[in-house]
Structures are given as C-alpha cells and as structure tokens.
Amino acid sequence: MSGVRQGGEAGGGGREVLGDAEAGAAGTGADGTGTGVDGTGADGTEAGAGGTGGGSGGDPGSERRLHPVTPLRRAWAPFTIVAGWAIHDPNSAQQRLSQLTATTLLLASAAVIVGGALYGFLSWWFTHFSVTDTELRIRTGLFFRRTAHIRLDRLQAVDVTRPLLARVAGVAKLKLDVVGAEKKDELAYLGEREAAELRAELLARAAGFAPEQAREVGEAPVRNLLHVQPRMLAVSLLLTGGPWVLLVAALAVPTLLWLATHNVWTVLATAIPMLGGAFASSGGRFIKEYDWTVGESPDGLRIDYGLLDKAHETVPPGRVQTVHIVQPLLWRRLGWVRVELDVAGSANGVLVPVAPRAQAAAVIGRVLPGVRVPDADELVRPPARAAWCVPLWWKGYGLAITEEVFAARHGLLKRRLSLVPHAKVQSVRLSQGPWERHKDVADVRVDTGANKTVTARLRPTQEARALLNSQADRSRTSRKQARPDRWMS
C-alpha cells in the first residue's frame, strides 16, 4: 500500500503519514513521496506500527527529542481515565471506594501515579523529530508508531503557543499548518529559544532557502500595523449583546426551575453551563484576545495575543479566501468593526477583534493587496418585493461588485460584510425557491477554496442570471492574472 497523502488546492498533498511495521522500512524521495505498509484511515491521520528508513538529505543522527518537561503533558492520562469513570458512574465509584481498605487504596493510588509517570516518560522517549532537505519528520507512538512526513514546500504557517504553565516552565508549542491537512501537526514542547529558531528555519526552508542558509536567515523582520488597547476590547465586549443575553438567561431560567422543582441539582446543572457560556463570550474572550497585535513580515501577517496563554500565529500570504467585516448594532455609533477570515486549510479565524473601521480597512489592504472595502452606500439592497420573502430582515442584505471582490452583506442588527476576491471563487451557483420564483428574485452563491459559501440574497432574477455568468468570467480571468504568492518574496 502506498502512503496516504492529503491534497492541497490543486490536489497536491503536503503531509504523508506512514506506518511500516510489516514492510520493515519506508523511504522518502526528494519530492517528499514514499511508500510503505500503513494503517491509515480515511482521513490519513492514523498509521500502523513501525519506523522510518532513510530519506533524501536525512540523517538518522539528526533526530531530536522534545523538551524534558514534555512527559508531564501525557502523565495525566491515567488520572483522566480514573476521573472519567468516577464522573460517569459516581454511585458505583463511591460504593467501590468505600469497600477498599486504606492499604489497598494507597497501593492503587501509587499504581496510578507510577503508571502515569511511566506513560508520560515512554511517550516522550519514543517521540523524535528531524528536519531533512525536503521535509520535517515527526515519529510518535508507544504501541502504534506513527510517522508524519511534512513537506517543507507545503508549509503555510508555523504558529507558536505558550500556555500559562508552559510559560512558567520556559517551553512553547509549535503548530504546523500544512496545505491540504485537516489537522495540524504539533511539536509540544520545545524550549522557547529552540522553538523560535526552529520556526524561523522552517519558514525559511518553506520560502526556498537552502538548508545551510535557512539557519542563518533567522526571524523575518516585522512592522507593527495595529495594536488593540485592552480598554477598547473590554468596552467592545460590554457592547456585545450575546453575553448579556446569556447572563440574563442564567439568572432567570434557574430561578424558574427552582420555583417549579425545588431541586438544587437541576438548578445547578442548568445554571453552571449558562454562566460558563456567558463568561466564555465575555471574560474568556477578553483573556484570549488581550494585547492583540498585528504585524507585517515577509512570511505573512503575524498575530500575537493572549493574557494567560500567549499565542503567535501567522496568516500565510495568498491563502485568505474570504474576509468578513462584522459590526454589531451597538458598535456602529463608535465606528468599530471586527475582522474575521476564512483561510484555506487553516483554523485561524480572527484578524482584528475590534478596531475603528479605517484602521481595519488598512489591515485588510495588507491581507488582500489592492482590495478596497466598499462603502455602505455602494451596497445595493434587494428590491422591495423581497420583503414578501424575508420580512424586515431583507433591508440588511446588500451586494457590491468591484474590480477586486464580490462583496455581500447580511444581517440587520449584527451586520456582516463578506469580501471574496474574484480569484478565490471556485464556483458560482444560482438558487431560487418557489416563493422566490413567484416574487422574481433569486440567490447567487459563490463557493471559496475554504469550503465556505458567500450568498448574495434576493437579487432580481435577471440581475442574478447576468451576475452568474459575469462572475464566472471575472473569476476565470482573475485566476489567470493572479501571481503566485511566495514566502519571503
């Protein structure tokens, strides 16, 4: 069986996962391909047992281990299993614990502690990584060995995250974003200095630098574009309706349940998730998006944020498929907006948590060079007869076609303007229900490379048909004229 490869935009894959216990060895050529007997599933992420053989530019002696504190990350697994069993059936757990003697309980606790420590150590001991001329190899697995071959020319981002406890220990985690891969591979944990050096080397190699030059290139220079002040972030969250709705519900619903049932467990089971949701959408977002900074470098836009857990992400050039400008009702008077992204093959979703519209537009211009954000008066509303299809809310829809983007807006209270560059449109569709046919309106949907759809709703039918053909031609022409983006160009 051949190794499983996940495809990119044009079908080429960036990650290959091999397990070769039965074949005995697996090799990779200069193009990052290889063959071997594997146990991969449909998504290409699980592999059978085995090791790896030689590869182009690879040196078995160059394999490295993760930071020595890494075993602590996996040592909690046995404790999690025991805790899950106790929570799943608390009555049975309490009954069995009451039947144990003090000696037995002490021995069982010692066995769990020793087992956790041993599992953490062995999982760290059997994890190695190495950088060859063409790929990054990560070998993991205690019982079932998994080897990930990550082609350097398919890397689109290398993110650094430092959770609170990792910052205390002086370590960091590298997350590798590969074209076509649904799940990020990661190296957790490395020393902070080693993580920064490895990230710089991988990005330089992805840009096409020779191996001997990549180590000398170092971190690419960065120019700050935007910094979100904590005060603005806090005020923006207070002016968002979601947390207040959840907070009111968390107070009202448990009160009604108490009056109806007088059962404290029912009240707690309802109130705690609601209070947690209210905190996650307000305080949790503040903690996550604190000290948000956007900078520009040759390897893309860099985003740094976090109060407790520090994160360093990169928006890779040319991979942004759609930009969303979000504006809640209470933000309009202040002229603030939030900018979100759809990035092909990446989970990076926020570019700017809150900023004045002019500053946000300037940052968007760096993500999508040459793109101008249409003004509100440029967006054309659906005809008045669309009110029979979507009463009142039809006024929130709008459409604008510029030389660079397909721009569609929706939402009456919370407006969302989506910008799709013509070169990123993969397909165009027209949809029309029975009532829409009766009112002579139709929806035009454009699909992007991030498996997302942007819809221009309730357009006049003749306009929608003309837009269907013109947008297809416009996208085809833009793809031919678009220049390929290159790292550190």
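**The sheets and a cavity**

Reply: In this predicted model, six strands form an open sheet in the order E17-E16-E15-E20-E19-E18, with antiparallel pairing. Strands are DSSP runs of type E with at least two residues, helices are runs of H or I with at least four, and both are numbered from the N terminus. Two strands pair if DSSP finds at least two bridges between them.

Me: Which are the edge strands?

Reply: Strand E17 (350-356) and strand E18 (398-401) are the edge strands, each pairing on one side only. From one strand to the next, the twist averages 15 degrees, where axes are lines fitted to C-alpha atoms, for helices over the stretch in contact, and angles run from 0 to 180 degrees between N-to-C directions.

Me: What packs on the sheet, touching E17?

Reply: That is helix H8 (residues 230-238), which touches strand E16 (336-343) as well as E17, and whose direction makes about 90 degrees with that of E17. Touching is a matter of contact, meaning heavy atoms within 4.5 Å. Helix H14 (residues 461-481) also packs on the sheet, touching E18 and strand E19 (405-410), with its direction at about 40 degrees to that of E18.

Me: And which strands make up the sheet of three?

Reply: Its order is E21-E22-E23, it is open, and the pairing is antiparallel. Strand E21 (425-431) and strand E23 (453-460) have a single partner strand each, so one side of each is left without a neighbour in the sheet. H14 packs on this sheet, touching E21, E22 and E23, and its direction makes about 170 degrees with that of E21.

Me: Switching topic, how many cavities of 30 Å³ or more are there?

Reply: The search of the whole structure finds one, and about 30 Å³ of space lies in the largest cavity. On a 1 Å grid over the protein atoms alone, a cavity is a set of points where a 1.4 Å probe fits but cannot get out; points are joined across faces, edges and corners, and the volume is the space filled by probe spheres set on them.

Me: What lines it?

Reply: The lining, residues with an atom within 4 Å of a point, includes Ile 325, Val 337 and Arg 357. Helix H12 (residues 357-367) gives the most, with four residues.

Me: Anything about the numbering and limits?

Reply: Residues are numbered from 1 along each chain as its sequence is written. Local features need pLDDT of at least 70, side-chain atom pairs count only at pLDDT 80 or more, totals for chains, interfaces and linings use all residues, and side-chain values use heavy atoms, leaving out hydrogens and water.

Key. 1 Å grid on protein atoms, 1.4 Å probe; cavity = no way out; pocket = protein on both sides within 12 Å on 5 of 7 lines; lining within 4 Å.
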